[in-house]
Amino acid sequence: LTSRRQARQASRGLSPQMSDATPQNARLVAQPTIIVPPAAAPAAARPAQPKVEAEAACARDTPFTLALLSGACAGTTVDIALYPLDTLKVRLQSEKGFMAAGGFRGVYTGVLATALGAAPGAAFFFSAYEGFKPIFRSLNGG
């Protein structure tokens, strides 16, 4: 009888010590330990950083040229990736019909001009974003 009982408990993931827990011997049963990764730790558990130091670190984290290059790369990547979808959409909306407008051929025709035009705009956007972020953070109280 005990082996059947232990087999049932094992199939439910219970050890013999856990299944025999009663209020009288509850102190004898080990409690599971929960390990919280540092990223998921509550803000109170993390060391506090002074506001001035945090703002200075934020300004140092992303230099202007890094934001400029990151923006240019991001904008160019998005335009190159989505250009064929836009081309196909325009061809589907054509009065001549999809196949007469070119079908699936040459969906990347003209992508170079679009990518070169998108890079400066996206670079400016990222640079402005990174430049204004510490200003609005300080206005918001930290």
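The model is predicted, so local features need pLDDT of at least 70 and side-chain atom pairs count only at pLDDT 80 or more, while totals for chains, interfaces and linings use all residues. Residues are numbered from 1 along each chain as its sequence is written, and side-chain values use heavy atoms, with hydrogens and water left out.

**Overall fold**

- The protein chain has five helices and zero strands, where helices (H or I, at least four residues) and strands (E, at least two) are DSSP runs numbered from the N terminus.
- Of the contacts (heavy atoms within 4.5 Å) in the protein chain with a separation of 6 or more, 59% are between residues 24 or more positions apart.

**Glu130 in helix H5**

- Glu130 lies in helix H5 and counts as buried, because its relative accessibility is 18%.
- Leaving aside neighbours within four places in sequence, Glu130 is in contact with Thr62 and Ala67.

**Ile135 and its surface patch**

- Ile135 also has its place in helix H5, which covers residues 111-139, and with a relative accessible area of 42% Ile135 is partly exposed.
- Phe132, Ile135, Phe136 and Leu139 make a nonpolar surface patch of about 450 Å²; patches are made of residues with over 30% relative accessible area and no salt bridge, with like charges joined within 9 Å and nonpolar side chains (Val, Leu, Ile, Met, Phe, Trp, Tyr) within 5 Å.
- A salt bridge is a side-chain nitrogen of Lys or Arg within 4 Å of a carboxyl oxygen of Asp or Glu.

Methods
Accessible areas come from the Shrake-Rupley method with a 1.4 Å probe; for residues, only the protein chains shown count as cover. Buried means under 20% relative accessible area, exposed over 50%, partly exposed in between (1.4 Å probe, protein chains only).
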